Amino acid sequence: MTRRALAAVLAVLASIGGLLLLVPGPPADAAAEPTGAVVVIGTGGLSWSDVDEERTPNLWQMLRDGSSAALGIRSVYANTCPVDGWLGLSAGGRAAPPRTGSEPDPADRACPPAPTVRDDRVTQWDSYVAATQAQKFDTRLGLLAQEVDDEGMCVRSLGPYAAAGAALPDGRVGQWSDLASEDLLVDLNTCPVTLVDVGVVRDRDDVAGSEDVARSREEQVRAVDQRIGQVVEAGPNGADFVVASLSDAGRSERLRMVLARGPHFGPGTLYSDSTRQAGLVQSADLTATVLDGVGLPVPAAVGGSPLTTEPAPDNSERRARDRLQSLRDLDEASHDVHGLVEPFFQVFAYGQVAVYLLVLLVWKGRIGSEESRTTVLSRVRALSVAAASVPVSTFLANLVPWWRFPVEMLAVVVTVAAFVAVIAGVALKGPWRRWPLGPMAVVSAVTVVVLAVDVITGSRLQISSLMGLQPVVGGRFYGMGNPTFALFATAALLLAVAASSALVLAGRRQAAAVAVGVIGVAALVVDGAPFWGADAGGPPGLLPAFAFLVLAVLGIRMTWRRWLLVAAAVVGVFFLVAGADWLRAPADRSHLGNFVQAMIDGTADDIVVRKAQQNWELLQLNAPLSLLVPVALVVVAFVLARPTSWGSRAMQRSYDGAPTLRPGLIGLVLMLAIGFAVNDSGVAIPAVGATLAVPLIVSVSVGFLLEEARTVAPTRRARRRR
C-alpha cells in the first residue's frame, strides 16, 4: 500500500508538471506583411543617453516617428566588440572572433580590426568559424545570408563590418562595397536586404590599452548620426529601416539602442516574443526581423523573434521624450545594478556568517548572564528574520526609481532597508510572533506572493533587481530565472513546512498532506506554465521535494528502495518535462526542449560541456564566497543526518516542535541539488536559496531556544532565591 501511495503521489505531481509545458502560450501578434525591403543600419557604442534633439537630430527624428527599445547585445564575452555584434547578426545567435591577446579577463581584450574582403570573400572567415565552433553555442555563421539566398534574393552590404553580417556560410559576400561609394542611392536600392555599417563609437577612457581612439565621443556620435541621416535619405521608399547599436564602446557592458521606422514600425515601443518585455529586445531579434520583413520564415536556429510595435497614441515631441526617459531608465537601472550585485552578495553573505558565529560563541561559550544570553537570542532572531526579508525586498525596491539618485548604492540600500523593516516588522510583531515558525511562515508567504504576482504580471520587478534578471547579461528576460526560482521554491517549501507542522500538531495529518500538495501544485503552475514562469528546469526539482514532504507528512517511511524510486522518478520527470517542452514550437522551447533536439542532432555533448564550463566559471568568479555553498551543504547534511550532534541541539528542539521541519529541509536540499544539476548556471541556485533558507532556519531554532528560556529561566531564578 505504501509503495502504491508513493507511486501515486509521484505520478500525479509528475503529470501536472509535464502537462504545464504542453499548455500553449498566449497567441503571438500576427506577423507583419513583408515589405520587400529591410535596411539594417548598424553602429556600435551608442546608448540612449547619447540621443537628444540637438546632438543627434536624425536619431531623434527616428525616435519620434518610429519604434524604439533598449537592446541587449551580450555575445560570448562580457563586453561585445563590433565584430561580435555583426557576426551575431549573421547567425542570429552568439558569436565572436578568436581572442588574439593573452589577457586573463576577456573584457581586457583589444577588439579585433574590421573584416577585410578579398576576391568577394571575408578574409578572416575561417578563423571566425573555428572560434564559433570552439565556443559551443551551436551558432551557424552565415545563416542570414543563406536563408535569403535560398529564396533567390540577395543581400547588399556596405562598409567593412557589414561584410561579416552579409557573408554566406563559406565566407563569400555577393554584393559588397565601401560606404564611401559614389552612388549611395544605387547601392541602397539593389537588394531586398541591405546591411550598412556607419561606424562605431569608442570611449577613450574605457577601451583596452592597445586601442587608439583619435576623436572624442561627442565627435564620433555626431558623425554616426550624420551617416544615418544620409542612408535613410538615400534608402528605398517603402522600406523598413532598423538602426541598431550592435556593440559596446569599450570594456563596460550595458544595454544599447535600437530604432525601427517604416511601413510596419510607426511611433511606439518595440516588442519581441523572445523577451516578452515592451521596450527591451535582444540582438538575435534583429536577424529574425530581417527575415520576417522580406517574407521568410524564421528558422529554429535563430535565437530571437521578429520585432513588432506597441503603438503610441501619436508622434508628438512630448511622447518621444517620455519614451526616451523610459529607455534611459532601463539602461541606467541595468547598468547600475550590474555593478552592485557582487558587493551586495559579499556583504550580505559574509555579514550573516560573522553575526551567526558571534552568537554561537556567546551561546556555546556561556558568555554573560542567562538574561543577557536571552537578549542576544532575541536580537539574533530579529536579525535573522530581517536578513530573510532582504531577498524579496530587492525585488520590491524596483518600485522606486533608485537609479535616478546621485549615489545609486546608497539609494538602493535605503530602499531595500525600508521594505525589510516593513516585512520583518509584520513578521515579528503580529499575533504569530510567539510561535517559533510564525515569522518564517510570514516571510515565506510574502516572498511567494510577491514573486508569483511579478511573474504572472510580466516579471517587471525582476528586471535589473539585485537578485533578479540582468538584461545586460542577456540570459533571460521573463519568467523564473535561476535566482528567482531558488527564492520562490525555497519560500514555497518552507511555507509548506510551517503550514503542515501546525496541522500535524493539531492532529490533522491528512489536512497537512493536502496543504502541502496544494502549495506544491500552485508553485508548479506558477513556475512551469509557459505563459508565466516558463521554467522547464524548475519542476524536476520541485516535484520530488514536495512529493517527499507529502509522504513524510503521511508517515510513509523512506527506505533505500523508495529512495531509488524517487531518483528514478526525478530522471523520468526530467525527460517528461524536457520531452513536453520539445513538443512545443521551436521558437517556444526552453533550454530543456533544445537539449532534446540536440540529442537528436548529436550535439548534446556541446551543451553538457558548455554548462559545466559556465558553472565552473561562476565558482571561480568569487572563489571564497562560492566555497561557502558546498561547505554549507555538507554542514546541513551533517545536521540532518545527526540531529543530536554537537552544534545541532537547537535543531533537535526545532524538529521536536515542528514535526515536518526535518523532512522539509531534506526536501529542500534535494530540490536545490537537482536545480543545480539540470539548469544552465545552476550553481547559483543553492547559493541564492541559502540566502533565504539559512536565516529562516536560524530564526526557527532561536525561536525554540527562546521558548525554552522563557520556561526554564523563572525556575532557575526561583531555585536561586531558595
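These legends walk through several close-up views of one predicted model. Residues are numbered from 1 along each chain as its sequence is written, and side-chain values use heavy atoms, with hydrogens and water left out. Because the model is predicted, local features need pLDDT of at least 70 and side-chain atom pairs count only at pLDDT 80 or more, while totals for chains, interfaces and linings use all residues.

**View 1. Aromatic rings meet edge-to-face.**
Rings of Phe, Tyr and Trp (its six-membered ring) pair if their centres lie within 6.5 Å; planes under 30 degrees apart are called stacked, over 60 edge-to-face, and the rest tilted. By this rule there are five aromatic pairs. In one of them, the ring centres of Phe344 and Phe345 are 5.4 Å apart and the planes stand at 75°, so this pair is edge-to-face. Look for Phe348 as well: Phe344, Phe345 and Phe348 form one aromatic cluster. Is Phe344 buried or exposed? Phe344 counts as buried, at 14% relative accessibility, since buried means under 20% relative accessible area, exposed over 50%, and partly exposed in between (1.4 Å probe, protein chains only).

**View 2. Two tryptophans pair up.**
The rings of Trp402 and Trp403 have centres 5.6 Å apart and planes at 80°, so they too make an edge-to-face pair. Trp402 is buried, with a relative accessible area of 1%, and Trp403 is buried at 14%.

**View 3. A charge sits over a ring.**
Here Arg476 lies over the face of Tyr478, at 5.5 Å from the ring centre. The rule asks for NZ of Lys or CZ of Arg within 6 Å of the ring centre and within 35 degrees of the ring normal.

**View 4. Salt bridges link parts of the chain.**
A salt bridge is a side-chain nitrogen of Lys or Arg within 4 Å of a carboxyl oxygen of Asp or Glu. A search of the whole structure finds 18 of them. Helices (H or I, at least four residues) and strands (E, at least two) are DSSP runs, numbered from the N terminus. Asp203 is partly exposed, with a relative accessible area of 22%, and Arg217 is partly exposed at 24%. Another salt bridge brings together the side chains of Asp329 and Arg404 (2.4 Å, N to O). That pair also links distant parts of the chain, 75 residues apart, with Asp329 in helix H10 (residues 317-364) and Arg404 in the loop between helix H11 (370-396) and H12. Asp329 counts as buried, at 12% relative accessibility. Finally, salt bridges that share partners join Asp52, Arg55, Glu218 and Arg222 into one network.

**View 5. A nonpolar patch lies on the surface.**
Val407, Met409, Leu410, Val413 and Val414 form this patch, with about 430 Å² of accessible area together. Patches are made of residues with over 30% relative accessible area and no salt bridge; like charges are joined within 9 Å, and nonpolar side chains (Val, Leu, Ile, Met, Phe, Trp, Tyr) within 5 Å. The areas come from the Shrake-Rupley method with a 1.4 Å probe, and for residues only the protein chains shown count as cover. Leu410 is in helix H12 (residues 408-429) and counts as exposed, at 53% relative accessibility.

**View 6. Helix H16 is mostly covered.**
How many of the 15 residues of H16 are buried? The count is 14. H16 (residues 539-553) reaches 21 Å from its first C-alpha to its last, close to the 21 Å expected at 1.5 Å a residue; the expected span is 1.5 Å times one less than the number of residues. Pro539 is in this helix and is buried, at 1% relative accessibility. Pro539 and Asp527 are twelve residues apart in sequence and 7.4 Å apart in space, C-alpha to C-alpha. After H16 comes Gly555, whose phi is positive, near 80°.

**View 7. Two aspartates have positive phi.**
Asp119 is not a glycine, yet its phi is positive, about 55°. Asp119 is in the loop between strand E3 (117-118) and strand E4 (121-122), and is exposed at 73% relative accessibility. Asp138 also has a positive phi of about 55°. Asp138 is in the loop between helix H4 (125-135) and helix H5 (143-150), and counts as exposed at 57%.
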